[in-house]
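Subject: Structure handover and notes

Hello,

Here is the structure for you to look over. My notes follow below it.

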Amino acid sequence: MAEMRPEEMEVARLIVSALSLETRPEDIAPEAPLFNAGLGLDSIDALELALAISKKYGVQLRSDDERNHRIFASLRSLTAHIEKNRVR
Amino acid sequence: MPPEPALPLLARAPGEVVCRRGTRPVTRGQFLAEAMALAARLPEHGHVMNLCGDRYRTLLAFAAALLRGQVTLLCADRSPHRLRALAGLYPDAYAIVDQEIEAPLPVLRLEEVEGVRDGDAAMPAIPAGRIAAIAFTSGSTGEPTAHAKPWGALVTAAEAAARRFRLRAQDGPPATIIATVPPQHMYGFETTIMLPLQSAVACLAGETFYPSDVFEAMASVPGRRILVTTPLQLRALFAAGQAPPALEAVISATAPLAASLAASVEQGWGVPVLEIYGATEAGSIASRRTTEGDGWLPYDGTELRPGAVAVPGLGEIPLADAVEPLADGRFRLLGRRADVVKLGGRRASLAELNRLLAEVEGVEDGVFVAPEDLESNPAARLTAYVVAPGRSAEEILGALRERMDPIFLPRPVVMVRALPRDRLGKLPRSALAELRRAGAGG
């Protein structure tokens, strides 16, 4: 299994707590898809996760962001996007 | 025989705005010219699965299909199994799309209709009895149930909604609807496709899913602004802590809105919060202002009957909710039939979900359970208790993923040795809660 960086661990914890998942944060594979297969998140989760991310990091997710698919592709890509854009 | 009555495609005055594409208004004349141009390019025949993402293109493709006498299939669930099921039910169907999408049927990719000018074509009329669209329910079995919508019924419902929400030409300056709901969902279709065609309303095209999208979209339109949304979206928008520009109304549907949230939004944003009650089968049938109590006022022309509602143009449609008539002509919702659950605007029957679970190889017994707060807590999902010796929760989930709407996938799947069935084979809720605690512990 790929190694998880501390920043990824922090985002993994946020995902698990915001969505009340039964998964343990350390069990989320950093490069596995968050939606559909993988964690199996759905559109309600996407909204909830966006809210949690904006509260914690001040990063606003947007639909017309063409990278949106790539941002939500995995824990790794989501963390990278947050690190690049965070204001707190 | 007298000629069949027909109703115009657009009940709009020349020059009125039908849709706003960003800052660019599309007027009635321009829209009609583009719809006619697209209609001429459509295949000779077939049902049209309208899979456009952009709201304007969805509207355009619907109008073009209507002009060609073709029936639009409204499919908000784009999971591969649902698209396959619909393609199987309608072998002549083709899809109109505006982005890359894997679809198991022939695809017409919509390009911008270029070089079409606002002409002076006569307004086409569509026979009132012709089926304009078909909506679908029950995403859980893979077998969609079709609900045909005659053009006359759709127009009458749009007129009733416009009267109720003061969106007719005589009610004031034209309004713009900013919506967070997909136009292929019945509620989104009625509000953002039918209202712009039949009342003094323009819809805003473009994506509005995340709170930042929606706030930006609301700020981008002039005049009377109406936000059309759902309880979960409204909750996220309000929690984002931004102030929207002046709104004329917030309209919510698909699930009951918490009175506390409605009151907070009314106070914080200074806007009336209204709710629509409806169902895919019947369409919108009543509304209320949440803070004024739990009585729903039926739309003009609709009539509540025991276990059903009579809708103009559709006849008597059974209701999934139990209702109680009140003295003032309103009615109160008494709750869903115990078997029906609703998530993300989609309904499923627990009995059907249980049947799907039982069909998974290796499953000896199993049951889906809905938490009490399923419709109000965004993190709440169904739980499945499964007896399947030798199989893992991941395997069960993988098998279910192939055969049901992902929104209803159990979270979690709890593997147990046996279900606590009583002597009648029933499962008391308290016994299941006990199982859950035991399962979580180990």
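A salt bridge here is a side-chain nitrogen of Lys or Arg within 4 Å of a carboxyl oxygen of Asp or Glu. Arg411(B) makes one with Asp45(A), with 2.8 Å between the closest N and O atoms.

Some housekeeping. This is a predicted model, so local features need pLDDT of at least 70 and side-chain atom pairs count only at pLDDT 80 or more, while totals for chains, interfaces and linings use all residues. Residues are numbered from 1 along each chain as its sequence is written, chains are lettered from A and ligands numbered from 1 in the order in which they are written, and side-chain values use heavy atoms, with hydrogens and water left out.

**The interface**

Between chain A and chain B there are five salt bridges. Seven residue pairs across the two chains are in polar contact, both residues at pLDDT 80 or more. A polar contact is a pair of N or O atoms within 3.5 Å; within protein, one must be able to donate a hydrogen and the other to accept it, and residues adjacent in sequence count only if both atoms are side-chain atoms.

On the side of chain A that touches chain B, helix H2 (residues 43-57) of chain A gives the most, with nine residues. Helices (H or I, at least four residues) and strands (E, at least two) are DSSP runs, numbered from the N terminus. By class, that side of chain A has 12 nonpolar, eight polar and seven charged residues. Ala, Val, Leu, Ile, Met, Phe, Trp, Tyr, Cys and Pro count as nonpolar; Asp, Glu, Lys and Arg count as charged; the others, Gly among them, count as polar.

How many residues of chain A are in contact with chain B? There are 27, and they meet 23 residues of chain B. Contact means heavy atoms within 4.5 Å. The area buried between the two chains is about 2100 Å², and carbon and sulfur atoms give 55% of that. Ile44(A), Leu47(A) and Ser63(A) supply 30% of the area that chain A buries against chain B, more than any other three residues. Buried area is the accessible area (1.4 Å probe) that two parts lose on being put together, summed over both.

Glu48(A) is worth a look. This residue lies in helix H2 of chain A. Is it buried or exposed? Glu48(A) is buried, at 12% relative accessible area. For single residues, buried means under 20% relative accessible area, exposed over 50%, and partly exposed in between (1.4 Å probe, protein chains only). Beyond four places in sequence, Glu48(A) touches Ala18(A), Leu19(A), Arg235(B) and Pro378(B). Its side chain makes a polar contact of 3.1 Å with that of Arg235(B).

**Glu31(A)**

Glu31(A) sits in the loop between helix H1 (6-18) and H2 of chain A. Glu31(A) is exposed, with 55% relative accessible area. Leaving out residues up to four places away in sequence, Glu31(A) touches Ser74(A) and Arg76(A). The C-alpha atoms of Glu31(A) and Ser74(A) are 5.2 Å apart, although 43 residues separate them along the chain. With Arg76(A), the side chain of Glu31(A) forms a polar contact of 2.9 Å.

**Salt bridges elsewhere**

The whole structure has 32 salt bridges over all chains. Arg5(A) pairs with Glu8(A), the closest N and O atoms being 3.6 Å apart. Arg5(A) is partly exposed at 35%, whereas Glu8(A) is buried at 0%.

In chain B, Arg224(B) pairs with Glu248(B) at 2.7 Å between the closest N and O atoms. These partners are 24 residues apart: Arg224(B) is in strand S13 (residues 224-229), and Glu248(B) is in the loop between helix H7 (231-239) and strand S14 (249-252). Arg224(B) is buried at 11% relative accessibility. Glu248(B) is partly exposed at 32%.

Back in chain A, shared partners join Arg5(A), Glu7(A), Glu8(A), Glu31(A), Arg76(A) and Glu83(A) into one salt-bridge network.

**The core**

The largest nonpolar core has 62 residues. Such a core is a set of buried Ala, Val, Leu, Ile, Met, Phe, Trp, Tyr and Cys residues joined through side-chain atoms within 4.5 Å. Among the residues with the most contacts inside it are Phe62(B), Phe189(B) and Met194(B). Helix H2 (residues 55-67) of chain B gives the largest share of this core, nine residues. Phe189(B), leaving aside neighbours within four places in sequence, is in contact with residues including Phe62(B), Leu74(B) and Met194(B).

Best wishes
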